[in-house]
Amino acid sequence: MSAVPIRLAERAPSAPRTAPADMPTSGPLVDRYGRVHRDLRVSLTDRCSLRCTYCMPEQGNEWLARQSILTLDEIERVARIAASRGISTFRLTGGEPLLRRDIVAVTERLGRLETPDGPVTIAMTTNGIGLDRVLPALIEAGLGRLNISIDTIRRERFHDLTRRDRLDDVFAGIRAAAASPLRPLKLNAVAMRGVNDDELVDLVQFAIDNDAQMRFIEQMPLDAGHTWDRSQMVTRDEILEKLSARWSLEPIQGRGGAPAETWRLDGTDRTVGVIASVTAPFCGACDRLRLTADGQLRNCLFSNREFDLVPLLRGSGSDDEIEQLLRGCIWKKLPGHAINDPGFLQPDRGMNAIGG
Ligand code: SAM
Ligand code: SF4
């Protein structure tokens, strides 16, 4: 396996020399469609303890070179500037964020940041492996929200899907999270035809047993192998149909900018969520921005353009130049992703390298 920097067809050269005339250069981070950005997804590494088929190839991964991975100080600097302009949630992701040795320090340093309106929230999306050991320290450091991914609770299936025999480690992580004060606790599963679509009810029950909310994600064209096939995708409507056979589902209104639609189960306070990125995109309310582990800003999961912070961070870039690059990236955000257009081009990077 080689470690080479990923090259994209189009990378913006550091800060734009002149900002577009209509782009605000102060105030909240807003795009040209009026979407104010409040959420920065920070990918801490492209490496992972699993090899989920829909995310990474089993072999032949071109890992980011270690020296290209942003340091804690570099991440904190970008996050501080973003927080000062209203980014109030930082979601730590990857790859697998728990593989980062300084994960507690990252949580602690970002958790200290303030927006003009108050403290930030630190959230994490993890596969849960190793979480049982580190969770108390993460909570102590300021972790506020947790999503754990689990696509199946069946051992052989887990092995086939992730190419690793680590289900017990994931269970241990979920048990630790369930025993912790972090709520709401969310479990994520990508729904896949012929893989786990006969298990959706069991997964919801598993989440209920762990005092968590199950959320199903429609599979997106972000696998490194570019094998995504729309006809194989399990849609939001199919997911709801399967769950309706077991529970009565009552929609919960007031989703705001959240990607998941949620439903109450049998009139109880138990809920389930569906993230229908493909069949019911929520781009109109998107307030998210992404920072890859190697210092590239992205305004959308599906964007084919990245904005390179590295020359500013590792050269003599000022905080103002970094802010203007954040603004320029957000300003260029399109009104929606184009997954449903015939000419859609999948991003070069897989989900593990973009940051989910
Ligand atoms: N390793 C961590 C994990 O699995 O939770 C964090 C990174 S992972 C890329 C973040 C989320 O993206 C996971 O919930 C994963 O299931 C989801 N994901 C990855 N590839 C996907 C795809 N092609 N379509 C939909 N969701 C995907
Ligand atoms: Fe790793 Fe998460 Fe991708 Fe699975 S989805 S391979 S756990 S980064």
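The legends below describe close-up views of a predicted model.

View 1. Cysteine 283 is buried, because its relative accessible area is 15% and the cut-off for a buried residue is under 20%. Cysteine 55 is likewise a buried residue, with a relative accessible area of 13%.

**View 2. The aromatic pair of phenylalanine 171 and phenylalanine 206.** The count of aromatic pairs is 1. The ring centres of phenylalanine 171 and phenylalanine 206 lie 5.5 Å apart and the ring planes meet at 45°, so the pair is classed as tilted. Distant parts of the chain are linked by this pair: phenylalanine 171 belongs to helix H5 (residues 167-179), whereas phenylalanine 206 belongs to helix H6 (residues 200-209), and the two residues are 35 residues apart. Phenylalanine 171 and phenylalanine 206 are both buried.

**View 3. The hairpin of strands E14 and E15.** Strand E14 (residues 296-298) and strand E15 (residues 305-308) run antiparallel and are joined by 2 bridges. Glutamine 296 has aspartate 308, in E15, as its bridge partner. The two strands, E14 and E15, form a hairpin, with 6 residues between them.

**View 4. The cavity.** The structure contains 1 cavity of 30 Å³ or more. The volume of the largest cavity is about 40 Å³. Its lining is formed by Met23, Pro24, Leu29 and Val30, together with Arg327, Ile330 and Trp331. By class, 6 residues of the lining of the largest cavity are nonpolar, none is polar and 1 is charged.

**View 5. The second largest pocket.** The lining of the second largest pocket comprises 5 charged, 4 nonpolar and 2 polar residues.

Definitions and conventions. Residues are numbered from 1 along each chain as its sequence is written. Chains are lettered from A and ligands numbered from 1 in the order in which they are written. This is a predicted model: local features need pLDDT of at least 70, side-chain atom pairs count only at pLDDT 80 or more; totals for chains, interfaces and linings use all residues. Side-chain values use heavy atoms; hydrogens and water are left out. Rings of Phe, Tyr and Trp (its six-membered ring) pair if their centres lie within 6.5 Å; planes under 30 degrees apart count as stacked, over 60 as edge-to-face and the rest as tilted. Helices (H or I, at least four residues) and strands (E, at least two) are DSSP runs, numbered from the N terminus. Buried means under 20% relative accessible area, exposed over 50%, partly exposed in between (1.4 Å probe, protein chains only). Two strands pair if DSSP finds at least two bridges between them. On a 1 Å grid over the protein atoms alone, a cavity is a set of points where a 1.4 Å probe fits but cannot get out, and a pocket is an open set with protein on both sides within 12 Å along at least five of seven lines; lining residues have an atom within 4 Å of a point. Grid points are joined across faces, edges and corners, and a volume is the space filled by probe spheres set on the points. Ala, Val, Leu, Ile, Met, Phe, Trp, Tyr, Cys and Pro count as nonpolar, Asp, Glu, Lys and Arg as charged, and the others, Gly among them, as polar.
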